[in-house]
Amino acid sequence: QYGMNELKSDFQDFYRKAAVKPALPHALIMTDGQIVNEQFLVCVNDMLSSGTIPDLFTRDEYDGIFNQIRGAAKYHGYPDDRDSLFQFFVDRVRKHLHLI
């Protein structure tokens with residue numbers, strides 16, 4: 001059965017595709033029939049409202065992502081610190097990942 005772990009894994013994949021090289025636009029299509037757990041709505045709402053889903057990635061996973069986006073973040077004028085890299089990541093996710 002498709003549960004929260006599978007949903008978070010899918011969101012991790014989509015976030016990486018939307019924000020890390022090559023950072024292309026993606027659409028996630030979800031119907032109300034696919035929402036089998038109320039916690040799904042919490043994740044979807046977090047994604048839509050702020051672009052961040054709590055505990056989606058571990059600190060080590062974020063460090064790996066930040067290393068991959070550091071050059072692009074600098075190019076776009078973001079400072080080279082953890083908070084700024086996180087903001088750049090979230091900004092890219094919000095720009096490139098859309099829920100339908």
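A crossing of two helices is called left-handed if the near helix is turned anticlockwise from the far one by less than a right angle, and right-handed if clockwise. Helices (H or I, at least four residues) and strands (E, at least two) are DSSP runs, numbered from the N terminus. The structure is a predicted model, in which local features need pLDDT of at least 70 and side-chain atom pairs count only at pLDDT 80 or more, while totals for chains, interfaces and linings use all residues. Residues are numbered from 1 along each chain as its sequence is written, and side-chain values use heavy atoms, with hydrogens and water left out.

By this convention, α1 passes α2 in a right-handed crossing. The axes of the two helices come within 10 Å and cross at roughly 20°. Axes here are lines fitted to C-alpha atoms, for helices over the stretch in contact, and angles run from 0 to 180 degrees between N-to-C directions. Angles under 35 degrees count as roughly parallel, over 145 as roughly antiparallel, 65 to 115 as roughly perpendicular and the rest as oblique. The crossing angle therefore makes α1 roughly parallel to α2. On the α1 side, the contact (heavy atoms within 4.5 Å) is made by M4, L7, K8, F11 and Y15. Q39, F40, C43, V44 and M47 contribute from α2. Eight residues of this contact are nonpolar, one is polar and one is charged. In this classification, Ala, Val, Leu, Ile, Met, Phe, Trp, Tyr, Cys and Pro count as nonpolar, Asp, Glu, Lys and Arg as charged, and the others, Gly among them, as polar.

The packing of α1 against α4 has another geometry. Their axes lie 8 Å apart, at an angle of about 95°. The two helices are therefore roughly perpendicular to each other. Y15, A18 and A19 of α1 meet F89, R92, V93 and H96 of α4. This contact has five nonpolar residues, one polar and one charged.

The pair α3 and α4 packs at an angle of about 80°, with axes 9 Å apart. α3 and α4 are therefore also roughly perpendicular to each other. From α3, the residues R59, Y62, D63, I65, F66, I69, R70, A72 and A73 take part. Their partners in α4 are R82, L85, F86, F88, F89 and R92. The contact of α3 with α4 divides into ten nonpolar, no polar and five charged residues.

In soluble globular proteins, nonpolar side chains tend to be buried together. Here, the largest nonpolar core holds 26 residues. Such a core is a set of buried Ala, Val, Leu, Ile, Met, Phe, Trp, Tyr and Cys residues joined through side-chain atoms within 4.5 Å. Buried means under 20% relative accessible area, exposed over 50%, and partly exposed in between (1.4 Å probe, protein chains only). F11, Y15 and F89 touch the most other members of the core. Helices α1, α2, α3 and α4 (82-96) each supply at least two of its residues. Residues up to four places away in sequence aside, Y15 touches V20, M47, G51, T52, I53, L56, F57, F89, V93 and L97.

R16 is also found in helix α1. At 28% relative accessibility, R16 counts as partly exposed. Not counting residues up to four places away in sequence, R16 touches F57, E61 and I65. R16 and R92 are 76 residues apart in sequence, yet 9.8 Å apart in space, C-alpha to C-alpha.

H76, in the loop between α3 and α4, is partly exposed at 48% relative accessibility. H76 and F88 are twelve residues apart in sequence and 8.8 Å apart in space, C-alpha to C-alpha. Neighbours within four places in sequence aside, H76 is in contact with F88 and R92. T31 is found in the loop between β1 and α2 and is partly exposed, at 41%. T31 and I100 are 69 residues apart in sequence and 8.2 Å apart in space, C-alpha to C-alpha.

The peptide bond from K21 to P22 is cis, with omega near 0°. P22 is found in the loop between α1 (4-19) and β1 (26-28). A23 lies in the loop between α1 and β1 and has a positive phi of about 55°, although it is not a glycine. A23 is buried, with a relative accessible area of 7%. D55 lies in the loop between α2 (38-49) and α3 (59-75). Phi of D55 is near 60°, a positive value in a residue other than glycine. D55 is exposed, with a relative accessible area of 68%.
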